[in-house]
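Hello,

Here is the structure we talked about handing over. Please open it alongside this email and follow the notes below.

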Amino acid sequence: MNSVTSNILNTLLGRAGFVSGGELCGELGITRSAVWKHVARLRASGYAIEAVSGRGYRLAGTTGAPVFEEVRPLLDTERFGRNFIYLESTGSTNLHARTIARDGAPEGSVVVADSQTGGRGRMGRPWASPPGVNLYASVVLRPPVPPVRVPEIPLLAAAAIHTALSQECPSLQPCIKWPNDLLCGGRKLCGILCEMESEPDCTHFVVAGFGVNVNIDAFPEELQGIATSIVLETGAESSRARILASVLNCFERMYGDWLAADDLTPVLPHLERHAWLQGKEVRIEQYGRTLSGTVAGLSPQGHLLLKGEEGAVTAVNSGEAHLRSVNDQNRQA
Ligand code: BTN
């Protein structure tokens with residue numbers, strides 16, 4: 001969206017009633033026919049704009065697209081989302097965020113895209129990123145903490161996104177799956193991918209990327225049964241702009257509390273209350289080894305506490321958790 005179109009949208013978003021064509025011309029220093037042309041562009045992008053002769057223009061409906069014009073009025077942050085890059089399409093918002101972070105982008109900078117051509121998940125997996133339906137966003141963080149604390153960030157982001165989704169969609173009851181997924185009914189609603197650049201004792205920056213399945217109502221065959229979306233769970237479409245603003249509001253607040261603490265203590269009760277794995281028999285796949293046991297909780301550092309058959313508890317710091325099937329358990333016996 002060019003800056004004049006964006007200014008018109010900002011003015012209409014800020015006004016409940018009509019804005020006269022003359023006022024828009026005066027404010028933006030353009031002619032009436034230019035105003036009309038920009039209004040036509042906004043309509044083509046999906047904004048319902050009424051035009052009534054003698055009264056002017058009125059925004060009758062937004063698109064809910066995660067563009068700055070729609071997100072900004074909903075932000076109550078100081079830094080998160082104040083530097084905001086919206087892209088119609090990009091390879092991966094995480095990669096774009098990493099590039100701007102290397103170039104000095106301030107903490108809280110956000111890169112959001114309507115679609116990704118190379119969306120990335122954990123363990124090098126792809127992240128399906130079709131246009132017009134979901135949220136794909138990455139936040140640049142510059143936490144003044146040693147790299148050893150960085151693995152806490154995916155859980156922090158999970159707590160923030162969980163809080164935001166629960167506020168925006170009260171009928172949704174997502175769970176947090178250690179270490180960085182949100183599920184509904186055992187199906188994936190949101191994935192989080194945190195990547196960092198550091199020296200052994202100094203964190204340069206972290207990119208916290210998240211993909212939320214919002215309004216997608218059908219998944220490709222390979223994701224059927226394992227993925228879900230807000231619209232599939234609630235039956236109602238949601239504004240991606242509202243969800244993004246709410247995530248940024250919650251994330252900034254929780255990030256501040258986390259920085260002031262030595263570990264995840266401020267969000268631990270939230271993480272434990274909504275933990276999907278709690279009490280379940282699991283198998284944890286780590287690079288090169290597999291651990292199994294019953295999930296007994298979470299440590300303040302975000303390690304999964306796994307109780308083995310002998311009763312000893314191991315703190316697991318990373319890995320991919322799978323529920324143990326009856327077959328798995330028989331194999332062990
Ligand atoms: C996972 O569950 O494996 C993590 C998925 C993370 C996907 C998001 S979408 C926005 C950001 N950009 C990416 O390329 N990946 C993350």
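**The ligand site**

The ligand takes up the space of the largest pocket. A pocket here is an open set of points on a 1 Å grid over the protein atoms alone, with protein on both sides within 12 Å along at least five of seven lines. A molecule sits in a pocket if more than half of its atoms lie within 2 Å of its grid points.

Some ground rules before the details. This is a predicted model, in which local features need pLDDT of at least 70 and side-chain atom pairs count only at pLDDT 80 or more, while totals for chains, interfaces and linings use all residues. Residues are numbered from 1 along each chain as its sequence is written, and side-chain values use heavy atoms, with hydrogens and water left out.

Back to the ligand. There are 19 residues around it, and those that come nearest are Ser-92, Gln-116, Arg-120, Arg-122 and Lys-188. A residue counts as near if one of its heavy atoms lies within 4 Å of the molecule.

- Lys-188: a side-chain N or O atom is 2.5 Å from a ligand oxygen.
- Arg-122: a polar backbone atom is 2.6 Å from a ligand oxygen.
- Ser-92: a side-chain N or O atom is 2.8 Å from a ligand oxygen.

How much of the ligand does the protein bury? The ligand alone exposes 410 Å², and the protein buries 99% of that. Areas come from the Shrake-Rupley method with a 1.4 Å probe; for residues, only the protein chains shown count as cover.

Which elements give two or more residues to the shell around the ligand? They are α5 (93–102), β5 (135–141), β8 (187–199) and β9 (202–212). Strand β8 gives the most, with 4 residues. Helices (H or I, at least four residues) and strands (E, at least two) are DSSP runs, numbered from the N terminus.

**Cysteines**

The model has 0 disulfides. A disulfide is a pair of cysteine sulfur atoms within 2.5 Å. Cys-250 is in no disulfide either; its nearest cysteine sulfur belongs to Cys-169, 12 Å away.

Cys-250 is buried, at 2% relative accessible area. Cys-175 is partly exposed, at 24%. Buried means under 20% relative accessible area, exposed over 50%, and partly exposed in between (1.4 Å probe, protein chains only).

Most residues other than glycine have a negative phi, and most peptide bonds are trans. Two spots here depart from that.

Trp-178 and Pro-179 are joined by a cis peptide bond, with omega about 0°. Pro-179 is in the loop between β6 (175–177) and β7 (181–184).

Met-123 is not a glycine, yet has a positive phi of about 55°. Met-123 sits in the loop between β4 (110–116) and β5. Met-123 is partly exposed, with a relative accessible area of 39%.

Start in strand β10 (residues 281–286), which holds Gln-286. Gln-286 is buried, at 15% relative accessibility. A polar atom of the Gln-286 side chain lies 2.8 Å from the backbone oxygen of Ser-318. Glu-285 is also in β10. Glu-285 is partly exposed, at 28%. The C-alpha atoms of Glu-285 and Glu-320 are 5.1 Å apart, across 35 residues of sequence.

Next, the loops. Pro-200 is in the loop between β8 and β9, and is exposed at 82% relative accessibility. Its C-alpha is 24 Å from that of Ser-138, 62 residues away along the chain.

Asn-213 is in the loop between β9 and α7 (230–234), and is buried at 5%. Asn-213 and Ala-128 are 85 residues apart in sequence and 9.7 Å apart C-alpha to C-alpha.

Arg-79 is in the loop between α4 (68–71) and β3 (84–90), and is partly exposed at 37%. Arg-79 and Thr-294 are 215 residues apart in sequence and 40 Å apart C-alpha to C-alpha.

Best wishes

Definitions and conventions:
Polar contact = N/O pair within 3.5 Å; in protein donor to acceptor, adjacent residues only side chain to side chain. 1 Å grid on protein atoms, 1.4 Å probe; cavity = no way out; pocket = protein on both sides within 12 Å on 5 of 7 lines; lining within 4 Å.
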